[in-house]
Amino acid sequence: MRYRIHHTTRFRYSQPIRESVMELRMQPRTDGTQRCLEFELSLAPDARWERYSDFLGNVVHHFDIPSVHEELVVTADSLVDVQPDKDLPGSVSESAWARLDELKEEAEYWDWLHPSHFAHSSERLEAFARELSIRREADPLTVVHRLSSGITAALEYQPGATQVDSPIDDCLKARKGVCQDFAHVFIAVSRGLGIPSRYVSGYLFHRTKAATGLGDDASHAWAEAYIPEVGWLGFDPSNKMTAGATHVRVAVGRDYQDVPPTRGVFRGSAETELKVHVDVTKM
């Protein structure tokens, strides 16, 4: 499947600011079954940008606007091809738990097995895992499927219920949150079981708007878990599904702190109004 993605981010300042310095993670990844065929970035005010890959392989654009301005508009247009992944088995062998234990000694999985800024254990998280009866039994694939469906059933998706910097305890206490919270809960519980897990930012194509809890198109987030005998698998508990050909991966990280779409600072004393518009169209 091919998707055309138009993502506009508009910053309005309550009074003129003197400079903006910003980095972006908006270009979809090219790996696995996904290819970013086209990517175009435009800035207003106009500015020269540079590009590099971070330590996790995400494409990062960064720029500096040294002139006085009252508004900054970032527009990213992408054309992405996403192919269906291989058919998954219903389960893996119970010996996969032993293989997971071996991964603790491999540097490649260090970041995905240890606590991070937003995805870490707490008394409330451990109680939630017990409530869902999530523990080392059966096989790892069966357990992560149970975890994802349990999050969907136990927590309500509600836009605005939390903020981008809210700890997962806020979501668990209120029993409601957004895709970012659901992903963090999944990751923290999975890592507690010794299953490597990571955060994915990206986009979701809505087959029908009414079929999902997300309403209009928006940036999206889900989690991936590494399962021996299978590899990395995506889980989207906010939509009660596994991630597949309708999900466009932009960046992967330990949690949201690694991969916000925009991160920056400015010179001046002003309040900021942020508006984001995303449109995902199947070609």
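What volume does the largest pocket have? About 1,200 Å³. Before I go on, this is a predicted model, in which local features need pLDDT of at least 70 and side-chain atom pairs count only at pLDDT 80 or more, while totals for chains, interfaces and linings use all residues. Residues are numbered from 1 along each chain as its sequence is written, and side-chain values use heavy atoms, with hydrogens and water left out.

A pocket, on a 1 Å grid over the protein atoms alone, is an open set of points with protein on both sides within 12 Å along at least five of seven lines; a cavity is a set of points where a 1.4 Å probe fits but cannot get out; lining residues have an atom within 4 Å of a point. Grid points are joined across faces, edges and corners, and a volume is the space filled by probe spheres set on the points.

The largest pocket is lined by 41 residues, and Val164, Ser219, Tyr256, Leu274 and Val276 lie nearest its centre. Strand S15 gives the largest share of that lining, seven residues. Strands here are DSSP runs of E, at least two residues, and helices are runs of H or I, at least four, numbered from the N terminus.

The second largest pocket holds about 530 Å³. It has 24 lining residues, with Thr33, Asp85, Glu224, Trp232 and Ala243 closest to its centre.

Now the interior. A nonpolar core is a set of buried Ala, Val, Leu, Ile, Met, Phe, Trp, Tyr and Cys residues joined through side-chain atoms within 4.5 Å. Buried means under 20% relative accessible area, with a 1.4 Å probe and protein chains only. The largest core has 58 residues, and Val185 and Phe186 are among those with the most contacts inside it. Helix H6, residues 179–192, supplies the largest share, eight residues. Of the 14 residues in H6, 13 are buried. Just after H6, glycine 194 takes a positive phi of about 85°.

Terms used: Buried < 20%, exposed > 50% of the residue type's maximum accessible area, 1.4 Å probe, protein only.
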